[in-house]
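Please look at the sequence and the structure first.

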Amino acid sequence: MMQVNPDINCYAPDFELPGVDGSVHHLTRYLESHRAIGVVVMCNHCPYVRGYLERLRHIQADYAPQGFTLIGINGNDDRRYPDDSFDQMKVFATENDLNFPYLRDVTQDVVRTFGADRTPEVFLLNREGVICYRGAIDDNPTAASQVKTQYLREAIAQLLSNTPITVAETPAVGCSVKWRDLDGGH
């Protein structure tokens with residue numbers, strides 16, 4: 001699958017996607033109202049995403065008062081992975097008490113343009129829409145109690161305090177994004 005892989009310090013792709021809340025979400029509106037945005041490519045069935053949900057909810061709760069928001073985007077092929085359908089996303093968001101928007105990228109264009117290949121994979125954007133960090137949430141996807149380096153939290157704190165981000169990129173760990181089979185026409 002051809003990926004774009006925007007570099008750190010490049011503009012993130014703009015998007016306009018439906019959310020599980022029934023609204024259409026525009027990146028431009030978030031850039032107008034937030035100092036920092038964390039786009040997390042995620043899905044419903046990935047055990048890594050499920051393992052990170054509590055940490056993601058805490059990150060959202062801790063940094064929202066400072067002008068930050070997470071935005072979850074699911075671009076997985078729901079034909080081959082029906083657990084990732086838009087209807088199942090609504091159930092997932094409710095059951096897991098998500099405190100951030102969860103959006104559906106049915107065409108996979110946004111996820112592809114971000115260059116994501118894992119769930120979860122995070123892209124931290126500044127107010128101008130420039131990617132300042134991409135990669136893993138922290139250094140331990142399986143045990144929150146054993147995390148030594150909180151990559152996303154550190155990058156958010158540095159961005160919000162206008163200091164240089166010391167670690168701008170890490171390898172994302174998780175399941176592969178489930179791309180549609182282009183040969184099959186879906």
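Which residue in β8 is the bridge partner of L125? It is I131. The model is predicted: local features need pLDDT of at least 70 and side-chain atom pairs pLDDT 80 or more, while totals for chains, interfaces and linings use all residues. Residues are numbered from 1 along each chain as its sequence is written, and side-chain values use heavy atoms, with hydrogens and water left out.

**Strand β7 and its pairing**
- Strands (E, at least two residues) and helices (H or I, at least four) are DSSP runs, numbered from the N terminus.
- Strands count as paired if DSSP finds at least two bridges between them.
- β7 spans residues 121–126, and six bridges pair it with β3 (residues 36–41) in the antiparallel sense.
- Within that pairing, L124 of β7 is the bridge partner of G38.
- β8 (residues 131–135) is antiparallel to β7 and joined to it by four bridges.
- Four residues separate β7 from β8 in a hairpin, and G129 in the turn has a positive phi of about 85 degrees.

**Burial of β7**
- Six of the six residues of β7 are buried, meaning under 20% relative accessible area with a 1.4 Å probe, protein chains only.
- One side carries E121, F123 and L125, the other V122, L124 and N126, and all are buried.

**Largest pocket**
- Helix α2 (residues 47–63) gives the most to the lining of the largest pocket, with five residues.
- Residues that line the largest pocket include G51, H58, D138 and R153.

Notes. On a 1 Å grid over the protein atoms alone, a cavity is a set of points where a 1.4 Å probe fits but cannot get out, and a pocket is an open set with protein on both sides within 12 Å along at least five of seven lines; lining residues have an atom within 4 Å of a point. Buried means under 20% relative accessible area, exposed over 50%, partly exposed in between (1.4 Å probe, protein chains only).
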